Amino acid sequence: MISLPRPPATSLLRVLFLGLTTLASSSRAQLEVHVSASLTKLRAVEGAEVVLSAWYSLHGELSPTKPKPWEVPTVMWFFLEGKDKNMSQVLVYMNQVTATDEPRASLVHPMPSRNVSLRLRDLQEKDSGSYFCFVTLQDNQGTVKGQSSKHLELNVLVPPAPPSCRLRGVAHVGTNVTLSCQSPRSKPAAQYQWERSPPSSQVFFAPVLDAIHGSLSLKNLSTSMSGVYVCKAHNEVGSAQCNVTLTVSTGPRATVVAGAVVGTMVGLGLLAGLVLLYQRRGKALEEPANDIKEDAIAPRTLPWPKGSDTISKNGTLSSVTSARALRPPQGPSRLGALTPTPSLSSQVLPSPRLPRTDGAHPQPIPPGPGGVSSSALSRMGAVPVMVPAQSQAGSLV
């Protein structure tokens, strides 16, 4: 087989295409290419094969006949892609030689023949578009007897690819979940149907089923809704399916547990923040108080024992008296006319023996002025006090 030159570039193909169209229109009286009216728009399935039927006849012929001995046809098939409008040469028959850059393309009948149908095998979605058939007829001397063209539309359909099924949500009693199903490839777009497998067979419809997007909404789950759910993706040329197993659990909800964990962490964080704030405020209050320092520990307060004086922590007798109590009486006092003062006290009680500090002994307090007895002063509300003794050096002990 003699190889023909490679097809020209797209721009040259367009020029050739326009020229052939013009020439075929002017020569239609001598030659005409035919296609079946019912086969001008073809639909085929990806992976299958299709035949683009076409044939030519001479003017005045009532029925197709075999080629005349003098007929020398030239057949060219071009493809114009639907999306990008790119033109490419599919197959050429010229000078009794067939050439093509597409191994999936071939003529149905051996040439020479007036049936110039094109066969395409192992179709792909990209094969969708317009196909043009040009036929030029010459005689043995190379004289052109006629030209004509026809075009056909091919639409390659794609069955749904196996979809993927997913479960969105947590399947616990009382919750809501969504079953999703989507096919990655389908032409035309797939429709979806959800069913529940036996023994609890069930078919779902709108509004719980979205046949366009393939989602199934299940609300207020119960344990009886557990089972295998099958999704079928289908279009006019095929179908595919997937399934998902739904197991409704009665245990604690994962969302509740997660919420409890998050809430506990937040609560601990707030508690730690409050503790730090409290410590900082305590430090701020303690810093000014640290400036005042105590030189000595405060004496321990002892209860007043009945019938005895109070001994202070440093071993001396505590005494409180007023200046009038220590002042000697002025002038003679009349018996019975003396009015005792509550602030004076002259009760003389036996003093406990104190530890010797500098050889001096504590002296008892003399009786109150006017010779009033201690019992009378006590009834009047006087407070018993002791006057500390003086050492020989004149200091209080």
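Colleague: Two strands pair if DSSP finds at least two bridges between them. In which sense do β13 and strand β17 pair?

Modeller: Antiparallel, over four bridges, with β17 covering residues 215-218. Strands (E, at least two residues) and helices (H or I, at least four) are DSSP runs, numbered from the N terminus. This is a predicted model, where local features need pLDDT of at least 70 and side-chain atom pairs count only at pLDDT 80 or more, while totals for chains, interfaces and linings use all residues. Residues are numbered from 1 along each chain as its sequence is written, and side-chain values use heavy atoms, leaving out hydrogens and water.

Colleague: What stands opposite T178?

Modeller: S217, in β17.

Colleague: And which strands make up that sheet, in what order?

Modeller: The order is β12-β13-β17-β16, an open sheet of four strands with antiparallel pairing. β12 and β16 (209-210) are the edge strands; each pairs on one side only.

Colleague: Switching to cysteines. How many disulfides?

Modeller: A disulfide here is a pair of cysteine sulfur atoms within 2.5 Å. By that rule there are two. C181 and C231 form one of them, with the sulfur atoms 2.1 Å apart. C181 sits in strand β13 (residues 177-182) and C231 in strand β18 (residues 227-235), so this pair links distant parts of the chain, 50 residues apart.

Colleague: What hand does that link have?

Modeller: Left-handed, with -85° about the S-S bond.

Colleague: Why do C181 and C231 count as buried?

Modeller: Buried means under 20% relative accessible area, exposed over 50%, partly exposed in between (1.4 Å probe, protein chains only). C181 counts as buried because its relative accessibility is 1%. C231 is buried at 0%.

Colleague: And which cysteine does C165 join?

Modeller: C242, with S to S at 1.8 Å. This link is right-handed, with 80° about the S-S bond. It also bridges distant parts of the chain: C165 is in strand β12 (residues 164-168), C242 in strand β19 (residues 238-246), 77 residues apart. Both C165 and C242 are buried.

Colleague: What's the pairing in sequence order?

Modeller: 1-4, 2-3, numbering the bonded cysteines of the protein chain.

Colleague: New topic. Which residues make the nonpolar surface patch?

Modeller: L268, L271 and V275, covering about 280 Å². L271 lies in helix α2 (residues 254-289).

Colleague: What counts as a patch?

Modeller: Residues with over 30% relative accessible area and no salt bridge; nonpolar side chains (Val, Leu, Ile, Met, Phe, Trp, Tyr) are joined within 5 Å, like charges within 9 Å. A salt bridge is a side-chain nitrogen of Lys or Arg within 4 Å of a carboxyl oxygen of Asp or Glu. Accessible areas come from the Shrake-Rupley method with a 1.4 Å probe; for residues, only the protein chains shown count as cover.
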